[in-house]
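Thanks for sending this one over. Here are my notes, in the order I would read them with the model open beside you.

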Amino acid sequence: MKNLPGLTTILFLLFSFKSCATFSSVGLDNHYIMDGNSDLTSTDNSTIKINHNTWNALLKKHVQNNGLVDYKGFIKDEAKLNDYLKMLSLNQPNSTWSKPKILAYYINLYNAATVKLIIENYPVKSIKDISRPWSKNRVLIGNEMISLNNIEHGILRKMNEPRIHFALNCASISCPKLLNEAFTADKIEQQLERVTNEFINSKENNISISEAKISSIFKWYKKDFLVNEKKDLIGFINQYSKVKINSNTTISYLDYNWNLNETI
């Protein structure tokens with residue numbers, strides 16, 4: 001991955017965090033000054049302010065509660081989406097940022113850039129019909145272009161926070177739904193718990209006491225879910241599943257539906 005301005009410092013900061021299941025060891029910074037969906041810390045450079053209000057309004061306008069997306073509506077509001085992405089590009093994270101703020105920044109950036117990718121190629125039946133949707137450098141941060149893979153694998157997965165897999169949306173039916181509100185530092189613990197709970201108990205998983213057919217996400221990123229005190233996949237799922245899986249239950253994985261998560 002290309003080095004972003006200050007990225008070495010950011011990754012050093014990320015690796016210093018030891019807590020992975022909650023923010024208890026890091027703590028939500030009590031010096032946050034919140035303005036709607038804005039994140040500003042007293043230790044940030046001068047008056048740099050990350051404001052997620054535009055993205056929050058777009059999500060509420062164009063994303064249903066079930067996660068289906070009105071991409072035609074997003075096309076009409078493309079200028080606002082571009083303005084939001086530009087704001088993020090001009091205010092990349094630095095070593096003063098807390099873990100919650102960094103998580104919110106990159107989750108929102110990933111999801112907004114994915115919507116941008118779809119509307120730039122619309123109409124499209126699947127994100128996989130787009131050439132190199134995840135590996136091509138197409139997201140601007142500062143003066144560098146990076147890929148969606150850079151954001152997910154090079155930054156977010158290094159933060160030892162498995163719940164990010166239920167916050168990131170890949171514009172597909174089988175993906176965790178696109179939350180119709182922006183992630184923010186002050187709410188991200190509750191938001192990550194919500195999206196994880198909703199996905200594990202959704203139709204994308206078929207769970208009983210003696211049988212578990214689960215999303216392929218748990219196969220692709222299995223090692224990411226082995227970082228909590230349970231140290232096993234079933235243990236992670238049972239923290240959220242309404243039906244608890246027996247420890248000796250056979251796990252199988254469901255086929256993934258890559259069709260576009262579009263409103264009808």
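1. The accessible surface of the chain comes to about 12,100 Å², and carbon and sulfur atoms account for 50% of that. Areas here come from the Shrake-Rupley method with a 1.4 Å probe, and for residues only the protein chains shown count as cover. Please keep in mind that this is a predicted model, in which local features need pLDDT of at least 70, side-chain atom pairs count only at pLDDT 80 or more, and totals for chains, interfaces and linings use all residues. Residues are numbered from 1 along each chain as its sequence is written, and side-chain values use heavy atoms, with hydrogens and water left out.

2. Now the overall layout. The chain has nine helices and seven strands; these are DSSP runs numbered from the N terminus, with helices being H or I of at least four residues and strands E of at least two. Of the 264 residues, 53% count as buried, where buried means under 20% relative accessible area, exposed means over 50%, and partly exposed lies in between (1.4 Å probe, protein chains only). Taking contacts between residues at least 6 apart in sequence, 67% join residues at least 24 apart; a contact means heavy atoms within 4.5 Å.

3. Which residues touch the most other members of the largest nonpolar core? They are Trp 55 and Phe 218, in a core of 71 residues. Helix H5 gives the most to this core, with 14 residues. A nonpolar core is a set of buried Ala, Val, Leu, Ile, Met, Phe, Trp, Tyr and Cys residues joined through side-chain atoms within 4.5 Å. As background, nonpolar side chains tend to be buried together in soluble globular proteins.

4. Leaving out residues up to four places away in sequence, Phe 218 touches Phe 166, Phe 199, Ile 200, Asn 205, Phe 225, Leu 233, Phe 236, Ile 237 and Tyr 253.

5. Trp 55 takes us to helix H2 (residues 53-62), where Trp 55, Asn 56, Leu 58, Leu 59 and His 62 are buried. These residues lie on the same side of H2, because they cover an arc of only 165 degrees around the axis; the arc is that of the directions from the helix axis to the C-beta atoms. The face turned away from that buried side carries the exposed residues Lys 60 and Lys 61. The buried residues of H2 pack against helix H3 (71-76), helix H4 (78-90) and helix H5 (99-120).

6. Helix H3 contains Gly 73, which counts as buried at 7% relative accessibility. Gly 73 and His 62 are eleven residues apart in sequence, and their C-alpha atoms are 6.2 Å apart in space.

7. On to a sheet. Three strands form an open sheet in the order E5-E6-E7, with mixed pairing, and the edge strands E5 and E7 each pair on one side only. Two strands pair if DSSP finds at least two bridges between them. E5 (residues 206-207) and E6 run antiparallel and are joined by two bridges, and a hairpin links them through three residues. E6 and E7 (residues 250-253) run parallel, joined by four bridges. Asn 206 has Lys 213 of E6 as its bridge partner, while Ala 212 stands opposite Ile 251 in E7.

8. Which residues of strand E6 (residues 211-214) are on the covered face, and which on the uncovered one? Ala 212 and Ile 214 make up the covered face, and Glu 211 and Lys 213 the uncovered one. In a regular strand the side chains alternate between the two faces of the sheet.

9. There is one disulfide by the rule used, namely a pair of cysteine sulfur atoms within 2.5 Å. This disulfide joins Cys 170 to Cys 175, with 1.5 Å from S to S. Cys 170 counts as buried at 10% relative accessibility, and Cys 175 does at 7%. Ala 171 has a positive phi of about 60 degrees although it is not a glycine. Ala 171 is in the loop between helix H6 (148-155) and helix H7 (188-200), and at 0% relative accessibility Ala 171 counts as buried.

10. Last, some backbone geometry to check. A cis peptide bond joins Tyr 122 and Pro 123, with omega about 0 degrees. Pro 123 is in the loop between H5 and strand E3 (139-141). Arg 132 is placed in the loop between H5 and E3 and has a positive phi of about 45 degrees, although it is not a glycine.
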